[in-house]
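Welcome, and please open your viewer. We will go from stop to stop, and at each one there is something to select and something to look for.

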Amino acid sequence: FGACVAGTGKFICIGLNYADHAAESGLQVPPEPVVFMKATSAIVGPDDDVLIPRGSQKTDWEVELGVVIGKTAKYVSEAEALDYVAGYCVAHDVSERAFQTERSGQWTKGKSCDTFGPIGPWLVTKDEVKDPQDLKMWLTVNGETMQNGSTRTMVYGVAFLVSYLSQFMSLQPGDIISTGTPPGVGMGMKPPRYLKSGDVVELGIEGLGSQRQTFKADV
């Protein structure tokens, strides 16, 4: 399968949006959503190989709920926000933590490496998702469970995020909002644990399908 959305103009990500993930990162829940961008050139299919970039020592995993915009949203209210959502998908916000947090500047360069944005397998229309704020989500590395969470622990829910983002920029059909990750990322472990060539990551969200990626060195 290829990526479940084509023609994406913006791949918008929300950081520290799960209270339990913020805690494991040693960071406070932000008073407003942390917004950063992932380059659209990072998008690949759900089962494609993921390339560990040159010089990487801290490539990490993050299962996330992806929200796909269906029609142009600008200055929309929270009450009407879900009217602008086409559907939902599994998103893997692969991250290089040293690039993200140790190289100065913004997070984008640790999030945008080629293949760092697997999405799919399905674009599940919103009528098939009873409650986007009550979906189980999980991730394993080489068969070992690392993340086992739920969208219930999101700080800022889907409707709020669509409304919030639309105050700053218009959201266009095909845009993706990746809404944050539950606890269990490699960075939060003691000691931290990161991905190496040959590792296999599987992840999924209730009702949205699952992904499987083999990580390989980008030579």
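Is S56 buried or exposed? S56 is buried, with a relative accessible area of 12%; here buried means under 20% relative accessible area, exposed over 50%, and partly exposed in between, with a 1.4 Å probe and protein chains only.

Before going further, a word on what is loaded. This is a predicted model, in which local features need pLDDT of at least 70 and side-chain atom pairs count only at pLDDT 80 or more, while totals for chains, interfaces and linings use all residues. Residues are numbered from 1 along each chain as its sequence is written, and side-chain values use heavy atoms, with hydrogens and water left out.

**Stop 1: around S56**

Keep S56 selected. You will find S56 in the loop between β4 (50-52) and β5 (59-60). Helices (H or I, at least four residues) and strands (E, at least two) are DSSP runs, numbered from the N terminus. Now show side chains: that of S56 makes a polar contact with the side chain of T59, at 2.6 Å. A polar contact is a pair of N or O atoms within 3.5 Å; within protein, one must be able to donate a hydrogen and the other to accept it, and residues adjacent in sequence count only if both atoms are side-chain atoms. Leaving aside residues up to four places away in sequence, S56 touches E96 and F99, where contact means heavy atoms within 4.5 Å.

**Stop 2: the whole chain**

Zoom out to the cartoon. The protein chain has three helices and 15 strands. Its radius of gyration is 16 Å, close to the 17 Å that the globule rule gives for 219 residues, so the chain is as compact as a globular protein of that length. That radius is taken over C-alpha atoms, and the globule rule is 2.2 Å times the number of residues to the power 0.38. Along the principal axes, the C-alpha atoms fill a box of roughly 45 × 40 × 30 Å. Of the 219 residues, 53% count as buried. Among contacts between residues at least 6 apart in sequence, 77% join residues at least 24 apart.

**Stop 3: helix α3**

Select residues 158-166, which form helix α3. Eight of its nine residues are buried, so helix α3 is largely enclosed by the rest of the structure. Among the buried residues are V158, L161, Y164 and L165. What do the buried residues of α3 pack against? Show β1 (11-15), β2 (34-37), β6 (63-69), β7 (85-92) and β13 (176-178) to see their packing partners.

**Stop 4**

Next select E62, in the loop between β5 and β6. E62 is buried, with a relative accessible area of 4%. The side chain of E62 makes a polar contact with the side chain of R97, at 2.6 Å. Not counting residues up to four places away in sequence, E62 touches residues including A91, H92, D93, K111, L139 and T181.

Then move to Q100, in helix α2 (residues 97-101). Q100 is buried too, with a relative accessible area of 5%. Beyond residues up to four places away in sequence, Q100 touches S95, Q106, W107, G110 and K111.

**Stop 5: the loop between β6 and β7**

Select K74, in the loop between β6 and β7. K74 is exposed, with a relative accessible area of 53%. K74 touches S166 and S170, not counting residues up to four places away in sequence. The C-alpha atoms of K74 and F168 are separated by 8.3 Å, although the two residues are 94 apart along the chain.

Y75 is found in the loop between β6 and β7 as well, and counts as exposed at 56% relative accessibility.

**Stop 6: backbone details**

Finally, switch to a backbone view. Most residues other than glycine have a negative phi, and most peptide bonds are trans. Which phi does Y75 have? Y75 has a positive phi of about 55 degrees, although it is not a glycine. T115 has a positive phi of about 75 degrees and is not a glycine either. T115 is in the loop between α2 and β9 and is buried, with a relative accessible area of 10%.

For the peptide bonds, select G120 and P121: a cis bond joins them, with omega about 15 degrees. P121 lies in the loop between β9 (117-118) and β10 (124-125). Another cis peptide bond joins K190 and P191, with omega about -5 degrees. Look for P191 in the loop between β13 and β14 (200-205).
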